[in-house]
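Please open the model in a viewer and keep the residue selection panel at hand.

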Amino acid sequence: LAATACGSDDDSSDSTSKSSGELSGTVTWWDTSTAGSEDKVFKKIAEGFEKLHPKVDVKYVNVPFGDAQNKFKNAAQAGSGAPDVIRSEVAWTPEFADLGYLAPLDGTTALQKQDDFLKQAAASTKYNGKTFAVPQVIDSLGIFYNKKIFKEAGVEVPTTIDELKSASKKIKSKTGKTGLYLRGDDAYWFLPFLYGEGGDMVNASDKAVTIDNAAGVKAMKLVKDLVDSGVAKTDATDGWDNMQASFKDGDVAMMINGPWAVADTYAGKEFKDKANLGVAPVPAGSVAQGAPQGGHNLAVYAGSKNLEASYAFVDYMTSVKTQAQVTKELNLLPTRTSAYAEESVVDNEIVGFFKPVVESAVERPWIPETGSLFAPLVTEYTKALTGQTSPEKAVKTTGTAYRKLLDGWK
Ligand SMILES: C[C@H]1O[C@H](O[C@H]2[C@H](O)[C@@H](O)[C@@H](O[C@H]3[C@H](O)[C@@H](O)[C@@H](O[C@H]4[C@H](O)[C@@H](O)[C@@H](O)O[C@@H]4CO)O[C@@H]3CO)O[C@@H]2CO)[C@H](O)[C@H](O)[C@@H]1N[C@H]1C[C@@H](CO)[C@H](O)[C@@H](O)[C@@H]1O
């Protein structure tokens, strides 16, 4: 059932067979979940839809997160090769909606019991008063730590940057290991430190770029100091693989990560005993504590030739039953309030930790450009961490790029 990642150009399908009105035809779904850990579960669940609708053929296609946004935009623009349903990251959704590539879902079978969705999760699915997607998972960032190393070094979970520094110093002296792995090739990992200094990328209500204000400078200096002082190690490329390997092998005591990393982390030799993994809020900075809101929605391509079956598929994939199964198997957070009452969710330790984190996560502006704010920042963030530019210049250059992107913003 898995096709190549060019999606389906099968236009023989129609939404319902004339006679019985039951759903039929093909639904191609581009799933961006992590290959090798999350994808197996989502593929199995997606294909379960066929048992409920024998005349529907679900074509599961796993498209890497880093490729899917542009691949979908190119296919939608060309009018060929786009999937019927896409797993649309929270920041992609307003952009795709603005481009007209998503089917509005209000009043369709895709959108059932709207008020059951967490408000933070629903926010990214609304655009110009319409609903263009259905929330699938919500997430944020926290500290993942190795309890065994913490015990060996005699340190507690750090709640502030100063405690992070002292704990890392003690870990280094007692065990020889580096305290923290800080991802240097993805600016999403900079956000908790930016929020901790009272900063943000932009202030959407004031239509102001804020990445280059005093808080931005302070946060960039702070992360550079974490690396230069040996508190944290980082890489300019392959951050995901290096972060996961370092933490899973016990080379670092901590990493900052989200629920989507848990499945892969449990496969590491240090976490065969799952009880060795601890999770905690990201450390507070000098003025605040906060982690960014992330997650994924399911959206229907406006040009789908099988809208009815696609709507039903989205409803099935975001139902309470499906969300509870995804939590059970992958420790991801549901987006339906009612799912949190399900036994497999109530008992889940990762959910128990991340639910309050998600509730207090820093909301992001769901404007079409919100996703595009990361590319200019990551270039400067990586250069600052590797000493190729100063912290001041890094945020100044980013601010200039943002003002070009956001026409007329201060
Ligand atoms: C640069 C990118 O900036 C932004 O992305 C932000 C994003 O907005 C933030 O929310 C955050 O996303 C969290 C996410 O919420 C969190 O759930 C998790 O996702 C897991 C899944 O959970 C896991 O299942 C699996 O899928 O794997 C997922 C990924 O791990 O972790 C994500 C953070 O990784 O951070 C993103 C930044 O990474 C843009 O949106 C673009 O994506 C942009 N990339 C394009 C930019 C194009 C122009 O240059 C270039 O030409 C193109 O080729 C590039 O693709």
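Predicted model: local features only at pLDDT ≥ 70, side-chain atom pairs only at ≥ 80, totals over all residues.

Residues are numbered from 1 along each chain as its sequence is written, and side-chain values use heavy atoms, with hydrogens and water left out.

**The sheet with β14**

Select β2, β1, β3, β14 and β6, which form, in that order, an open sheet of five strands with mixed pairing. Helices (H or I, at least four residues) and strands (E, at least two) are DSSP runs, numbered from the N terminus; two strands pair if DSSP finds at least two bridges between them. The edges are β2 (56-62) and β6 (134-139); each has a single partner strand, so one side of each is left without a neighbour in the sheet. On average, neighbouring strands of this sheet are turned by 20° against each other, direction ignored.

Next, highlight β6 together with β14 (residues 294-300): the two pair in the antiparallel sense over five bridges. Within β14, Gly294 stands opposite Asp139.

Axes are lines fitted to C-alpha atoms, for helices over the stretch in contact, and angles run from 0 to 180 degrees between N-to-C directions. Contact means heavy atoms within 4.5 Å.

**Helices α1 and α11**

Keep α1 (residues 39-52) and select α11 (residues 307-317); their axes come within 10 Å and cross at roughly 125°. The two helices are therefore oblique to each other. Angles under 35 degrees count as roughly parallel, over 145 as roughly antiparallel, 65 to 115 as roughly perpendicular and the rest as oblique. The crossing of α1 and α11 is right-handed; a crossing is right-handed if the near helix is turned clockwise from the far one by less than a right angle, and left-handed if anticlockwise.

Show side chains for Phe42, Ile45, Ala46, Gly48, Phe49 and Leu52 in α1, which meet Ala309, Ala312, Phe313, Tyr316 and Met317 in α11. By class, this contact has ten nonpolar, one polar and no charged residues. Here Ala, Val, Leu, Ile, Met, Phe, Trp, Tyr, Cys and Pro count as nonpolar, Asp, Glu, Lys and Arg as charged, and the others, Gly among them, as polar.

**Helix α12**

Which residues of α12 are buried? Select Thr322, Gln323, Ala324, Val326, Thr327 and Leu330 to see them. Buried means under 20% relative accessible area, exposed over 50%, partly exposed in between (1.4 Å probe, protein chains only). Their cover includes α1, β6, α10 (262-265), α11, α13 (343-346) and α14.

Gln325 also belongs to α12 (residues 320-330), but at 27% relative accessibility Gln325 counts as partly exposed. Leaving aside neighbours within four places in sequence, Gln325 is in contact with Lys44 and Ile45. The C-alpha atoms of Gln325 and Ile45 are separated by 8.7 Å, although the two residues are 280 apart along the chain. After α12 comes Asn331, with a positive phi near 60°.

**The sheet with β12**

Move to the open sheet of five strands ordered β11-β8-β12-β7-β13, with mixed pairing. Its edge strands, β11 (232-233) and β13 (277-280), each pair on one side only. Inspect β7 (residues 142-146) and β12 (residues 252-257), which pair in the antiparallel sense over four bridges. Ile143 has Ile256 of β12 as its bridge partner. Helix α9 (residues 239-248) packs on the sheet, touching β7, β8 (178-181), β11, β12 and β13, and its direction makes about 140° with that of β12. Helix α14 (residues 349-359) lies across β7, β12 and β13, running at about 15° to β13.

**Helices α8 and α15**

Select α8 (residues 214-228) and α15 (residues 374-385), whose axes come within 9 Å and cross at roughly 45°. The contact joins Met220, Val223, Lys224 and Val227 of α8 to Leu377, Tyr381, Ala384 and Leu385 of α15. These residues divide into seven nonpolar, no polar and one charged.

**Two loop residues**

Finish with Lys113, in the loop between α3 (92-98) and α4 (119-123), and Asn128, in the loop between β4 (126-127) and β5 (130-131). Lys113 has a positive phi of about 50° although it is not a glycine, and at 58% relative accessibility Lys113 counts as exposed. Asn128, likewise not a glycine, has a positive phi of about 50° and is exposed, with a relative accessible area of 68%.
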